[in-house]
Amino acid sequence: MTIHTYPDIAREEQLETPDYPPEIDDACAAIKDACDGWGTDEDKLIKILGSKTPYERYLINRRWGELRSKTLRKRIGEEFRDNDLGKLIQFLAQPLEEAECEMIRLACRGAGTNESLLYPIICGRSNEDMQVLKKTYFEKYEKDIAIALDGELSGDFEKLIFYSLQAAEEEFNEEYHTEEKADEDADAFYEAGQGSWGTDEGKMFKILVNSPPEYLEMVDAKYSEKYGYTLWKAMEKELTGYAEKAAVFIFGMKIRPAETVAKLIKSTCAGIGTDELELSCAVVRYQRLLPE
């Protein structure tokens with residue numbers, strides 16, 4: 001199974017009122033103190049929210065809603081401008097799945113879609129997390145996420161994004177995901193790409209997206225044994241643009257998630273100047289993996 005990025009509480013269908021530890025109430029009081037009076041104590045807010053785990057921020061957000069008339073996200077939004085720092089604090093001031101919905105809206109806002117911001121949010125995630133994301137997006141904006149993205153994308157990239165939205169990764173089963181099947185899928189992947197005059201991206205994407213990590217490693221080993229290099233390298237050869245980036249990202253999140261996240265974060269700092277928005281989104285989303 002592809003790793004989860006949301007805390008366990010985000011996937012619980014029946015949420016009971018948790019027993020809040022004292023530090024959660026302390027954090028809520030400290031946030032209120034930082035926002036009250038003349039001017040906002042930005043450093044204090046960053047220290048409070050940035051030092052907490054996604055689970056702790058989930059509890060802070062929920063406890064704040066029980067104590068105040070405004071949501072924490074709305075209260076923080078009143079204190080910060082709509083700049084990169086403001087967006088970062090607002091992401092931290094809400095559950096991760098709600099923050100990701102805002103990130104998706106940002107990626108689609110204005111003229112042109114920010115594909116490099118969008119694909120790490122949609123691709124390479126567990127079925128359970130994808131279902132939470134789709135449910136949250138609909139509740140937040142009263143629109144299906146697939147409908148929201150329709151018209152924003154095109155070509156192979158669009159195809160891969162919509163494959164990912166289906167949340168169709170299979171559960172690993174030793175009786176089904178056999179060496180023989182891996183051999184067949186390695187051949188199918190080759191025939192869909194290098195072994196034909198035209199690339200059948202749909203067949204490649206289906207194998208990539210639907211394969212559980214344990215099985216994808218088996219297919220990769222068979223492919224390397226038979227054709228001389230990895231699925232990763234095959235995708236780099238057969239795909240282009242953001243379809244290539246997203247496909248390689250999915251493969252990496254299944255096989256080497258920590259390394260893949262590290263490369264994503266590094267890419268936001270490449271070139272002339274850092275893309276602060278993409279860096280903020282990556283750090284907030286993958287905080288649980290950063291110690292690895």
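**Cavities, a pocket and a helix contact**

The model is a predicted one. A search of the whole structure finds 2 cavities of 30 Å³ or more, and the largest cavity holds about 120 Å³. The points below cover these cavities, a pocket, a helix contact and an aromatic pair.

**The second largest cavity**

- Its lining is made up of Pro54, Arg57, Tyr58, Phe91, Gln94, Pro95, Leu96, Ala99 and Val284.
- Helices α3 (54–67) and α6 (96–107) each give at least two residues to the lining of the second largest cavity.
- Helix α3 provides the largest share of that lining, with 3 residues.
- By class, the lining of the second largest cavity has 7 nonpolar residues, 1 polar and 1 charged.

**The largest cavity**

- The largest cavity is lined by 15 residues, and those closest to its centre are Gly124, Arg125, Ser164, Val209 and Lys254.
- At least two lining residues of the largest cavity come from α8 (127–141), and at least two come from α15.
- The lining of the largest cavity divides into 7 nonpolar, 5 polar and 3 charged residues.

**Helices α15 and α16**

- Two packed helices are described by the angle between their axes and the distance between the axes.
- For α15 (residues 241–255) and α16 (residues 257–267), the axes come within 6 Å and cross at roughly 140°.
- On the α15 side, the contact involves Phe249, Gly252, Met253 and Ile255.
- On the α16 side, the contact involves Pro257, Thr260, Val261 and Leu264.
- The residues of this contact between α15 and α16 comprise 6 nonpolar and 2 polar, with no charged ones.

**The second largest pocket**

- The second largest pocket has a volume of about 320 Å³.
- Its lining consists of Tyr119, Trp232, Glu236, Glu244, Lys245, Val248, Phe249, Thr260, Lys263, Leu264 and Ser267.
- Three helices, α14 (231–238), α15 and α16, each supply at least two residues of this pocket lining.
- The lining of the second largest pocket contains 5 nonpolar, 2 polar and 4 charged residues.
- Phe249, Thr260 and Leu264 line the second largest pocket and also take part in the contact between α15 and α16.

**An aromatic pair**

- The structure holds 10 aromatic pairs.
- One of them joins Tyr119 and Phe249, with 5.6 Å from centre to centre and 75° between the planes, an edge-to-face arrangement.
- Tyr119 belongs to helix α7 (residues 115–122) and Phe249 to helix α15, so the pair ties together parts that are 130 residues apart in sequence.
- Both Tyr119 and Phe249 are also among the residues that line the second largest pocket.

Definitions and conventions: Residues are numbered from 1 along each chain as its sequence is written. This is a predicted model: local features need pLDDT of at least 70, side-chain atom pairs count only at pLDDT 80 or more; totals for chains, interfaces and linings use all residues. Side-chain values use heavy atoms; hydrogens and water are left out. Axes are lines fitted to C-alpha atoms, for helices over the stretch in contact, and angles run from 0 to 180 degrees between N-to-C directions. Helices (H or I, at least four residues) and strands (E, at least two) are DSSP runs, numbered from the N terminus. Contact means heavy atoms within 4.5 Å. Ala, Val, Leu, Ile, Met, Phe, Trp, Tyr, Cys and Pro count as nonpolar, Asp, Glu, Lys and Arg as charged, and the others, Gly among them, as polar. On a 1 Å grid over the protein atoms alone, a cavity is a set of points where a 1.4 Å probe fits but cannot get out, and a pocket is an open set with protein on both sides within 12 Å along at least five of seven lines; lining residues have an atom within 4 Å of a point. Grid points are joined across faces, edges and corners, and a volume is the space filled by probe spheres set on the points. Rings of Phe, Tyr and Trp (its six-membered ring) pair if their centres lie within 6.5 Å; planes under 30 degrees apart count as stacked, over 60 as edge-to-face and the rest as tilted.
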